[in-house]
Amino acid sequence: MTDVNLFWIAAVVVLVTVIFVLWIGKVKNKWVKLMLDWFPAILFAYVLPAAFTHISGMDLSKVPLHDMSRSWIIPFTILTVMSALSIKQLKIVGVKPIIVFGVGSLVIATLPVLLVMAFGLFNEANTKLFIGEAYWKGLVPIVGGWIGGSTSQLVLKELAQTPEALFLSILVLDNILVNIWTILMFQFIKRSNHLNTAWGIDPNFPVVEAPEYSGSTRPWAVNTWTIGAILLVMVVASFLPLSFLGSVVVLSIVGLLLGNVMPIWNHKLVLKLAGFSIVLIMAILGLKLNFSNLSLPAILVILVLLWLVLHFLAMLLTARLLRTNIAWVAIGSMANLGGISTAPAVTSAYKKELMPHAIVLAILSMVTGTAWGMLTIFLFKML
């Protein structure tokens with residue numbers, strides 16, 4: 001089958017997935033609502049494309065849609081989400097949530113080394129596997145994938161000289177775990193106020209609603225101006241020699257300026273556009289899942305699972321000690337593990353007004369991911 005045919009098949013799969021996700025999220029049936037309470041509609045954006053590629057046997061992981069998502073859809077999402085944020089709302093991301101997030105990053109970067117040492121104390125064969133056979137090189141890209149995203153993951157793969165076969169297996173494991181973790185964080189964040197109550201933590205956020213335009217300009221003119229400005233910024237940004245991370249930072253700043261400096265701006269419209277593009281991003285990512293590549297030692301999988309759980313517990317303990325809203329644990333964890341696409345999606349299950357702040361933490365994650373991974377490499381080489 002030609003690359004052109006694969007592209008159009010992938011495009012149809014993504015389109016059908018997006019339509020289904022948007023439709024099922026509005027269904028009023030009680031059984032559907034019960035299902036969505038445990039498996040949020042947005043996660044079908046991952047599952048449906050992955051199921052199609054698995055059943056059909058097609059490899060849609062290299063179609064140009066992935067490049068389009070990276071070059072256009074993700075930047076567009078960042079621009080729209082950040083332009084929905086009022087500067088006054090930035091006070092919500094205070095020092096405490098950033099500390100909770102930072103502890104999560106620190107644990108991700110350092111804990112695999114400690115776990116390898118601990119596993120080696122129980123069984124010398126584990127030391128031989130991770131150190132002697134260099135399976136630790138498969139753990140380093142996980143650090144990059146969790147904290148920094150795909151860019152950091154690929155950079156750290158090269159720095160650690162991870163074998164290609166090991167890297168592909170790690171990539172599948174990473175996708176499976178992040179999807180499962182996203183489901184768990186959806187559930188946790190919706191129930192986080194129970195822990196807030198039990199631990200005597202004030203769950204309220206000083207949320208400041210996005211300003212409503214109240215001038216004399218007609219709504220269609222406001223909408224036209226808003227969409228026109230976004231498209232103009234996207235076109236101009238495409239001509240600038242920026243790296244992916246650079247475009248993320250620049251578009252975030254521009255988005256903040258548009259949403260706070262422009263005298264007319266439809267904040268609700270850009271938030272709806274962002275919600276749609278997040279579903280689109282996740283549907284395209286789902287095309288990459290290929291479970292047949294998963295082939296790893298059981299002890300490595302156990303280590304990664306323990307690593308993930310302890311990362312969460314460390315953040316939870318930090319949030320309790322700081323007496324900050326426990327919802328920040330889920331937001332910070334998804335900013336670390338899920339990034340720009342899933343962090344705001346999970347956050348929307350708690351308070352949609354916090355979606356831009358999830359983006360802020362996700363950007364911080366992207367900025368620091370490679371550095372954290374280099375620390376992991378250094379610590380492993382110390383062994």
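These are my notebook entries on a predicted model, taken in the order in which I looked things up.

**Entry 1: the chain as a whole**

I began with the secondary structure and found 17 helices and zero strands in the chain. I then turned to burial, and of the 383 residues of the chain, 49% count as buried. For the contacts with a separation of 6 or more, I noted that 84% come from residues 24 or more positions apart.

**Entry 2: the nonpolar core**

Which residues touch the most other members of the largest nonpolar core? In that core of 112 residues, I have Leu-139, Trp-146, Val-304, Trp-307 and Val-329 in this position.

**Entry 3: helices H5 and H7**

Leu-139 is also one of the H7 residues that meet H5, and I looked at this pair of helices next. The axes of H5 (residues 95-122) and H7 (residues 136-148) come within 10 Å and cross at roughly 165 degrees. Because angles over 145 degrees count as roughly antiparallel, I record H5 and H7 as roughly antiparallel to each other. The crossing in which H5 passes H7 is right-handed. On the H5 side I list Ser-105, Ile-108, Ala-109, Pro-112 and Val-116, and these meet Leu-139, Val-143, Trp-146 and Ile-147 in H7.

**Entry 4: Ser-333**

I located Ser-333 in helix H15, which spans residues 327-337. Is Ser-333 buried or exposed? Its relative accessible area is 0%, so I count Ser-333 as buried. Apart from its neighbours within four places in sequence, Ser-333 is in contact with Trp-181, Met-185, His-311, Met-315 and Gly-338. With Trp-181 there is also a polar contact, side chain to side chain, at 2.9 Å. I also checked Ser-333 against Gly-104, from which it is 229 residues away in sequence, and the C-alpha to C-alpha distance is 6.7 Å.

**Entry 5: Asn-196 and Asn-325**

I took these two asparagines together, since Asn-325 is among the residues in contact with Asn-196, and a WHY for the burial of each follows from its accessible area: Asn-196 is at 0% and Asn-325 is at 4%. Asn-196 is found in helix H10 (residues 192-198), whereas Asn-325 lies in the loop between helix H14 (298-322) and H15. Leaving aside neighbours within four places in sequence, I find Asn-196 in contact with Ile-201, Pro-203, Thr-324, Asn-325 and Ile-326. The side chain of Asn-196 makes a polar contact at 3.0 Å with the side chain of Asn-193. For Asn-325, I noted that a polar atom of its side chain lies 2.8 Å from the backbone nitrogen of Ala-327.

**Entry 6: Leu-36**

I placed Leu-36 in helix H2 (residues 30-38). With a relative accessible area of 15%, Leu-36 is buried, the cut-off being under 20%. Not counting residues up to four places away in sequence, Leu-36 touches Ile-24, Gly-25, Ala-41, Phe-44 and Lys-190. Ile-24 is twelve residues from Leu-36 along the chain, and I have their C-alpha atoms separated by 8.7 Å.

**Entry 7: two loop residues with positive phi**

Most residues other than glycine have a negative phi, and for this reason I wrote down two exceptions. Ala-134 has a phi near 60 degrees and lies in the loop between helix H6 (124-132) and H7. Gln-161 is not a glycine either, and its phi is positive at about 55 degrees. I find Gln-161 in the loop between helix H8 (150-160) and helix H9 (164-190), and at 59% relative accessibility Gln-161 counts as exposed.

**Entry 8: Ile-227**

My last stop was Ile-227, which lies in helix H11 (residues 219-238). Its relative accessible area is 36%, and Ile-227 is therefore partly exposed. Asn-266 is 39 residues from Ile-227 along the chain, and the C-alpha atoms of the two are separated by 9.1 Å.

Terms used. Residues numbered from 1 in each chain as written. Predicted model: local features only at pLDDT ≥ 70, side-chain atom pairs only at ≥ 80, totals over all residues. Heavy atoms only, no water. Helix = DSSP H or I, 4+ residues; strand = E, 2+ residues; numbered from the N terminus. Buried < 20%, exposed > 50% of the residue type's maximum accessible area, 1.4 Å probe, protein only. Contact = heavy atoms within 4.5 Å. Polar contact = N/O pair within 3.5 Å; in protein donor to acceptor, adjacent residues only side chain to side chain. Core = buried A, V, L, I, M, F, W, Y, C linked by side-chain atoms within 4.5 Å. Axes fitted to C-alpha atoms, helices over the stretch in contact; angles between N-to-C directions. Parallel < 35°, antiparallel > 145°, perpendicular 65-115°, else oblique. Left-handed = near helix turned anticlockwise from the far one by under 90°.
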